[in-house]
Amino acid sequence: MYEVIIGLEIHAELLTDSKIWCGCSTRFGADANTQVCPICLGLPGTLPVLNERALELAVKAGLALGCEINRFSKFDRKNYFYPDLPKAYQISQYDLPLCRNGAVEFEANGEIRRVRINRVHLEEEAGKSVHSGDNIMGSEYSLIDYNRGGVPLIEIVTEPDLRSPEEARLFMEKLRTILLYAGVSDCRMEEGSLRVDANISLRPFGETELRERAEVKNLNSFRALQRALEYEVRRQSAILDAGQRVEQDTRHWNDQKGVTISMRSKEDAEDYRYFPDPDLVPVVLTEEQIETWRRELPELPDQKAARFISQYGLPAYDARVLTSSKAMADFFEAAVERFGEPKTVSNWVMVEVQRLVNEAGIEFDALPIGPGDLAGLLELVKRGTISNNVGKEVLEEMFKTGKSAADIVKERGLEQISDTGELEAIVEQVIAENPGPVQDVRDGKEKAIGFLVGQVMKLTKGKANPKMVNELLRQKLTGGA
Amino acid sequence: MELYALPAHALRQMLDRGEISSVELTKSLIERIEAVDGAIGSYLAIRVEEALKEAEEADRRIREQRDVGPLTGIPVSLKDNICTEGTRTTCASRMLENFVPPYDATVVARLKAQGAPILGKLNMDEFAMGSSTETSAFKLTRNPWNLERVPGGSSGGPAAAVAAGATVMALGSDTGGSIRQPAALCGVVGMKPTYGLVSRFGLVAFASSLDQIGPMTKDVKDAALLLSAIAAHDPLDSTSIPGDRADFLAELDRGVEGLVIGLPVEMLGEGVAPEVREAVNAAVGVLEGLGARVEEVSLPHVRYALAAYAVIATAEASSNLGRFDGVRYGFRSREDADVVTMFETTRAQGFGAEVKRRIMLGTYALSAGYYDAYYLKALKVRTLIRRDFEKAFERCHLLVTPTSPTVAFRFGEKADNPVAMYQSDRLTVPANLAGIPAISVPCGVSQDGLPIGLQFMAPALAEPVLFRAAAAYEAAAGWASMRPPLEVK
């Protein structure tokens, strides 16, 4: 058994309308090479001009991750040759990034874990290559779409503070939530607007020095991240068990085969010849500017969870689950505003609504039910018009059809039978037909009353008001409530 | 006098009085190019039809007295590293032999907006790397004063064209002296503005922190006119200085009385040809006679300027020229079996020897383990040089030096000795490192009949006083009317 040391490098595209150095659109999914101009194609003589909105979002990302913001920052060129990199250098930040020294807290196995953020810097995207074969050297041809080239990007680098593959995944979920809350990125891994590379090394417990690490790339989902790291733990453990040293290298995760494959060793590492970009001027931020951006940040997940606990009296667990998605937290609050009873709303949102979202495989913000719709449903349950269980069915119907709870209940005749006379007749019938359980109840066997309630519900097709049935049974059998 | 021999400000009056039209002027220049440029070789492309069309439009504006500015109807030619929409911009490199930019450089857009016909594109050292125009991939440009001599470089085409009357005025670019040195060698005026005064958008970059576009003209007044036309803040260039530009013509006639002019001792000694030194000393005498006070000053760190320049300029160039990889535009090698081979052979075949030498030098200077010793140290030297100038300018309004240590040399004389060639820039490089404006004006002729240039340097943004001193000297010394003894076929 070894101690697992993991650090992550995350890239997130910023939610700007236009690219970082020119006015081209950043919209995803356009036809190849339709969102390009001489500047983002790096044609000779063209020059970059910083998109102020990209700067703002990068700083906001840093603030949301608890970073210090450097008042003086600059851009550097990272030089390398690749067909999708039109200038043969990527404009990035080297020794003076915008943001430094942040931290993110998240929960893993009931424990609050803290990961330090080393830096957040601003840079540009390269274009996107599509190879006819497995890689560029083994392909008959490669196609390049420069639409992505020049889309603003932040790179977030963590300290090696993660201690398991699962932690890495949980951290990423939290990081994604924070970035979504801050409104800096749409964080769509499937569209590549959020990407993660992982550095992992193992060492015997008690050792303080870091050992040789592997850098794992091509992690296209949080699940892939965890699986790849689990594979690396096994691979590196076996090497260390055999008394050998792990070779420091860059590895490619093959999701189908479930293995990582070495791409290049440390010796082949490229020299990027970073130097300050002479086409750009340093970024100088004033304290007022930074404070303005800080004030503009919305409430972040941890703050919101703390408020849910104090304002609504929710358990910590509920607060954390509800705030794990801004859309869910907003939905919860809006429903509480209309209905009250925060804990009731929390239960419905966390369990029933979340289940429907999961089953449909959609994001919470694509939920076809509004908070007012849920409040309407809960009102019916509260008034006793329908039972809790029927309420769940109605919710599902609302999800499918978009109709209101009241309409569904009316159309399908789901109103509870709360008429005492009608219920009494059925209760009498059940008592008559079930002498055994009736005797049990009379003998004080509390559980048996549940069976009798169930029989009434069966006869009424679930429409009986269970609370009233319970009361009636008790009245008739034990002479009290 | 023939039209081709006249400066723009004289032609302006003739155009305004209706004595000539822009079309006539443009035609006469095209004829002049046909007559002399076979021998000189200054043009890479002549925009005959486009320029005449632009001249017609200018004539309409002049006739209707609509938006007539100082350059309306005055043809201007461009060094071929300044992008022109629809007209090939080659940087005198095989790499860009067929590159047609889909955009105008900001300076070109400004000239067109003011109604200046763009006459053509002029030869240069490949990617502006050289001091003799011999590294052009396409042709030699000859010095109009002596066809066996180089015109200087890298703006050798513009300098030769202006000297030969093959254009009215031209724009060059200056990274380490590429406007001023050929201006000196061809006996014309060449001016490098304060860094950031003129937009670099559309100038194919050599060394971004040093490059500036500037005027190359027949006299100082034309240089001030042309600079006025191109200098403006440009939102497309992050290094463009914000705000309005000074009136460069305001002080032209004020004379030098009361000005303190520094003579940097380090830039008159070793390596400067005796007849160049004598001509400069004579010019100093003229300035004193006009009422300037000339004092010796010291710029102790300029002796390291050329070394620092060699590191900074090549480092930036190595990165700037990375984009020429054969993927999107320009030359692509036929040996393109895989992408690495394509990159390598494209760059091996598309670039000439001097460009490759500088890319390799710059790549080396930026490499891991050498960065601190070379690039970082060069930046520190640059700061020291900048401070030397600041200190000197506490005492002096201007500095005066020779522009080039020698007069025009013979073809091949330095082509095989890069270090000797680099020495040509020794006296011009410091102004680029410091980002300050400088101008070269003719100050005499050598025994061989070759022009000698005098350089003035001024503090950043002090263009008005720079033009003032240069104009005063020019008027007193009379070299501006000097024209090469060209035989016309």
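In what order do the three strands of the open sheet in chain A run? In this predicted model, the order is β5-β4-β15, with antiparallel pairing; strands here are DSSP E runs of at least two residues and helices are H or I runs of at least four, numbered from the N terminus, and two strands pair if DSSP finds at least two bridges between them. The edges are β5 (89–92) and β15 (275–276) of chain A, each pairing on one side only. Strand β4 (residues 76–79) of chain A is joined to β15(A) by two bridges, and R77(A) sits opposite F275(A) in β15(A).

As for the bookkeeping, residues are numbered from 1 along each chain as its sequence is written, with chains lettered from A and ligands numbered from 1 in the order in which they are written. Local features need pLDDT of at least 70 and side-chain atom pairs count only at pLDDT 80 or more, while totals for chains, interfaces and linings use all residues.

Turning to the interface, 27 residues of chain A are in contact with 35 residues of chain B (C-beta atoms, placed from the backbone, within 7 Å). On the chain B side, α9 (305–320), α10 (339–350) and α11 (353–366) of chain B each give two or more residues, and α9(B) gives the most, with three. That side comprises 19 nonpolar, nine polar and seven charged residues (Ala, Val, Leu, Ile, Met, Phe, Trp, Tyr, Cys and Pro count as nonpolar, Asp, Glu, Lys and Arg as charged, and the others, Gly among them, as polar).

Methods. Contact = placed C-beta atoms within 7 Å.
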